[in-house]
Amino acid sequence: THDLKAPYNTLLGFSEMLKDNLDKGSKNWEYANNLHESALNNYNLVENLIEWSRSQRGRISYNPTNFVLNEVVFKTVNLISLNAEKKDISIHDYVGNDLKVHADRNLVNIIIRNILTNAIKYSYPEGEIIISAKASEKFAEISISDNGIGIPEGILKTLFSIENKNSRTGTDHETGTGLGLILCKEFIDLHGCSIWAESEVKKGSVFHFTLPLVNGE
């Protein structure tokens with residue numbers, strides 16, 4: 001894991017430093033920005049492959065704690081904001097600061113990051129992504145919606161199945177492994193919760209998943 005991730009940490013750090021020292025909008029800034037985004041996308045792919053490998057070997061640790069859900073949402077949105085900015089996609093966070101869940105913070109971060117990354121990938125330029133959440137008796141239901149290309153019905157039915165791993169090209173020719181949503185399903189299962197999606201081709205998608213509330217409140 002260290003050997004795979006360490007080169008990306010260096011590349012991400014230097015490419016960001018290059019961007020900060022160049023005039024935004026210049027050709028050299030665009031080159032540095034493309035380099036940084038490419039490194040970040042590949043780093044995310046490596047992380048997914050590592051996490052999937054761990055899950056297959058039973059090496060995923062599940063350590064639930066109590067935390068404010070929007071702390072993780074806010075951090076994740078900031079982490080992937082460069083990808084959204086490249087396509088002029090706006091992300092609206094409507095998750096309240098009073099919603100507390102009992103979950104594994106690291107796994108929830110991975111779940112949200114993968115769904116948001118996909119939403120950006122399959123959104124049109126100047127699109128919109130909305131993150132919201134509501135509480136029921138024992139669970140919080142988180143919804144992440146986009147107004148992108150949508151998912152054909154045939155793919156929607158097998159979206160979370162490793163036997164039918166799906167990987168489509170994004171609206172800006174982005175590629176992927178098709179493992180992100182499979183990881184999400186496995187990590188949601190560890191919480192004893194559910195994940196599902198609704199979609200309409202050319203109109204967008206909504207991904208829903210649940211997490212346990214603190215003390216079922």
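**Core**

I looked up the largest nonpolar core first. It has 43 residues, and Leu69, Ile115, Phe209 and Leu211 have the most contacts inside it. A nonpolar core here is a set of buried Ala, Val, Leu, Ile, Met, Phe, Trp, Tyr and Cys residues joined through side-chain atoms within 4.5 Å. Buried means under 20% relative accessible area, exposed means over 50%, and partly exposed lies in between (1.4 Å probe, protein chains only). I then listed the elements that give two or more residues to this core: α3, β3 (100-103), α5, β4 (128-135), β5 (139-146), α7, β6 and β7. The largest share, nine residues, comes from α5. Helices (H or I, at least four residues) and strands (E, at least two) are DSSP runs, numbered from the N terminus.

**Basis and confidence**

I noted that this is a predicted model, in which local features need pLDDT of at least 70 and side-chain atom pairs count only at pLDDT 80 or more, while totals for chains, interfaces and linings use all residues. Residues are numbered from 1 along each chain as its sequence is written, and side-chain values use heavy atoms, with hydrogens and water left out. pLDDT is the predictor's confidence in each residue, from 0 to 100. I read a chain average of 87, with 93% of the residues scoring at least 70. Confidence is lowest in α2, at a mean of 78, and highest in strand β7 (residues 204-212), at 98.

How many residues of β7 are buried? I found eight of the nine, so β7 is largely enclosed by the rest of the structure. Next I checked its pairing; two strands pair if DSSP finds at least two bridges between them. Strand β6 (residues 195-200) runs antiparallel to β7, over six bridges. On that side, Ser199 has Ser205 as its bridge partner, and Glu198 stands opposite Val206. β5 is also antiparallel to β7, joined by eight bridges. There, Ala140 is bridged to Leu211. Leu211 is also among the core residues with the most contacts.

**Ala140**

I stayed on Ala140, which lies in strand β5. Is Ala140 buried or exposed? It counts as buried, at 0% relative accessibility.

**Strand β4**

I followed β4 to both of its listed partners. With β5 it pairs in the antiparallel sense over seven bridges, and Ala133 stands opposite Ile142. These two strands form a hairpin with three residues between them. Strand β2 (residues 90-93) runs parallel to β4, and four bridges join them. In that pair, Asp93 stands opposite Ile131.

**Positive phi angles**

Which residues have a positive phi although they are not glycines? I noted Glu126, at about 65°, and Lys202, at about 70°. Glu126 sits in the loop between α5 and β4. It is exposed, with a relative accessible area of 64%. Lys202 is in the turn of the β6-β7 hairpin, which has three residues between its strands. Lys202 counts as exposed too, at 66% relative accessibility.

**Helix α7**

I ran through helix α7 (residues 180-190) for burial. Gly180, Leu181, Ile182, Leu183, Cys184, Phe187 and Ile188 are buried.

**Second largest pocket**

Last, I looked up the second largest pocket. On a 1 Å grid over the protein atoms alone, a pocket is an open set of points where a 1.4 Å probe fits, with protein on both sides within 12 Å along at least five of seven lines; lining residues have an atom within 4 Å of a point. Its volume is about 350 Å³, the space filled by probe spheres set on grid points joined across faces, edges and corners. Of its 20 lining residues, Tyr43, Asn44, Glu47, Leu79 and Arg113 are the closest to the centre. The elements giving two or more residues to the lining are α1 (2-20), α2 (27-56), α3 (69-79) and α5 (105-121). α2 gives the largest share, eight residues. I sorted the lining into seven nonpolar, six polar and seven charged residues. Ala, Val, Leu, Ile, Met, Phe, Trp, Tyr, Cys and Pro count as nonpolar, Asp, Glu, Lys and Arg as charged, and the others, Gly among them, as polar.
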